[in-house]
Amino acid sequence: MASGAAIFVILLLFSWAGPFLHTASPYAIHPHLLFQEPSWQHLLGTDDLGRGMLARMMYGGRPSLGVAMIGSVIATLLGLCYGMVAGLSPSLVDKSLMRILDAILALPTLVLMIFFAAIIPLDPISLILLLGLVSWPGLARIVRNEVLAYKGRDYILAAKQYGASTWYLARTHLLRSMFPIVIVNATFTVADLILTLAGLSFLGLGIQPPQPSWGGLLGNGSNLAITGSWWLILFPGIAIFLAIMSMNMIGQGLLNRLEGR
Amino acid sequence: MRTVLSIENLKVVGYKGGRSCPIIEGITFNLEPGRTLAVVGESGCGKSITAAAILGLLPWGFTVSDGRIVLDGQNALSLPPREWRQLRGKRIGAVFQNPLAALNPSLPIWKQVIESAQLEEALTRKTARSRALQLLERVEVPHVASRLDDYPHQFSGGMRQRVAIALALARNPALLIADEPTTALDLITQAQILNMLKRLQEEQNLAILFITHDLSLVAEYADEVFVMYAGQEVERGSVSDLFASVAHPYTHALLRSIPRLTGSRYRLIDIEGVPPSPHSYTRGCRFASRCPRVIAACSATPPPRLGNDSHEAFCHHPHRVLAP
């Protein structure tokens, strides 16, 4: 878990603090410097417009990581609320909410995103909202099942008998009991969203050029790789791989630690 | 004497698949301050449903359809739900069967002990901790001061049940409902906890509704017995009267099935069969199909009430004739 966290922190520093050390613009086009291989002048090479890959990788990490992290927070909050409400509602309401959830789960995320991409402008804010909005149902179901499992415990019944409100029960007892599972789920959701966003950008549905993102860089590089410019796909690929791996390591580590409690 | 709790003709029905059937019927008893009423019966006889009805914790699909629950002179079922909840939370404490589930594993002990008090008024951390200390001392948790920050898994079953009792008594209730509080504990711990409850009862003039299936505990700790079978009362009386002259064959069979250490060795005695399910309740006596003293009238007509207010039984063919 520590190594996963270390890798993720390095990626964060690379994206947010990196540009202060390497001050080149990710947008400046240099017609005489197209397709430069990695060298001491251009550490990660240059792309088809002569833009420095190092700068583009740094600025590209911001939307890739930022959107995924904030999107995961939104998804977690939504899933938590929905699951709690369903679990604490009378059986009939609970059942209807769960059927609605089934319907939402039946829609494939990618198709949904393609649909939204057609009708709203794609900027980081709308992507955060979109990704947040499509990735909560899984957690909602987990939370609802946890609520049902805890609802009948004697300490909850006793608290109810002493006049505790449903809100109090949710806040004090239920939230605390399901904290581990929620936090682990949120971590895995970050990894998931990094991949989804990279996939979308790869397809041209994510962060729009010229703004760089790791997925977009990879997509762009894959079209140009035929020219032999391996560095255009290797570095974004490694970055995406490291980001997802580190999040999964953190998630698995938390899971082991919290379950062993 | 003023009664704390009086239950009159209580009826709870359960709904399943659009059909309703009675779970408990015609339950009537009174409980006075400082007294213990034991509700006795096999599993599935409606003991816990009776308690849940009083505590407002009936499972989904069950409702009180008839009767009165009078607490401190106020009829629960005619009060607005909010007021009834407040009154109930203040006047009734509850202890359940399983000490392992009685406490939230993710909260330290002291926070849980004062939970019920904290729901009533906001306490500062310091007063809350000293209140918790007092409460835990009252239920004889050893080395309390050093154990306030412990979590439930660091406590034994008996200690957890003490904490649950402390929690139940935190607001000085008039009534404690103990639903098989010692069933999950070993015999020595059981005796310690029941003796402690007895002491607390005398100190606070507490009324206790003691739900159990163990008649040997009843003789020792209760003042009155209420024997239930298949959702109905079969026999009720003061401990001295009832044990001196058991009238109903069901009570008799329960007493006979207590294992004994003395005398010659024999097979453990049980009661053949199981209680009927609520769907198959008939007009006649519900114990008829298992009763060793069954006569023709049993399955035809409801059993008549025999005896008087200090000892009554509902039976066609009792072991003893009770004076009216």
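This is a predicted model: local features need pLDDT of at least 70, side-chain atom pairs count only at pLDDT 80 or more; totals for chains, interfaces and linings use all residues.
Biologist: How many residues does chain B bring to the contact with chain A?

Modeller: Let's count each side, taking contact as heavy atoms within 4.5 Å. Chain A gives 17 residues. Chain B gives 25.

Biologist: What area do the two chains bury between them?

Modeller: The size of an interface is often given as the accessible area lost when the parts come together. Here 60% of that area sits on carbon and sulfur atoms. The total for chain B and chain A is about 1,900 Å².

Biologist: Which three residues supply more of chain B's buried area than any other three?

Modeller: Together this trio accounts for 26% of what chain B buries against chain A. They are Leu57(B), Glu115(B) and Leu119(B).

Biologist: On the side of chain B that touches chain A, how many residues are nonpolar?

Modeller: Helix 2 (81-91), strand 6 (92-95), helix 4 (115-120) and helix 7 (157-169) of chain B each supply at least two residues of that side. By class, 7 residues there are polar and 4 are charged. The nonpolar ones number 14.

Biologist: Now the largest pocket: which of its lining residues are closest to its centre?

Modeller: This pocket holds about 1,100 Å³ of space, and 33 residues line it. The lining divides into 20 nonpolar, 8 polar and 5 charged residues. Those closest to the centre are Lys160(A), Gly56(B), Leu57(B), Leu58(B) and Trp60(B).

Biologist: Which elements of chain B supply at least two residues each to that pocket's lining?

Modeller: Chain A takes part too, with helix 3 (53-88) and helix 9 (166-202) among its contributing elements. From chain B, the elements are strand 4 (62-71) and helix 2.

Biologist: And which element gives the largest share of the largest cavity's lining?

Modeller: The count comes to 3 cavities of 30 Å³ or more, and the largest has a volume of about 80 Å³. Its lining includes Thr36(B), Phe210(B) and Tyr221(B). Two elements of chain B give two or more residues, helix 8 (187-204) and strand 8 (207-212). The largest share, 4 residues, comes from helix 8 of chain B.

Conventions. Residues are numbered from 1 along each chain as its sequence is written. Chains are lettered from A and ligands numbered from 1 in the order in which they are written. Side-chain values use heavy atoms; hydrogens and water are left out. Buried area is the accessible area (1.4 Å probe) that two parts lose on being put together, summed over both. Ala, Val, Leu, Ile, Met, Phe, Trp, Tyr, Cys and Pro count as nonpolar, Asp, Glu, Lys and Arg as charged, and the others, Gly among them, as polar. On a 1 Å grid over the protein atoms alone, a cavity is a set of points where a 1.4 Å probe fits but cannot get out, and a pocket is an open set with protein on both sides within 12 Å along at least five of seven lines; lining residues have an atom within 4 Å of a point. Grid points are joined across faces, edges and corners, and a volume is the space filled by probe spheres set on the points.
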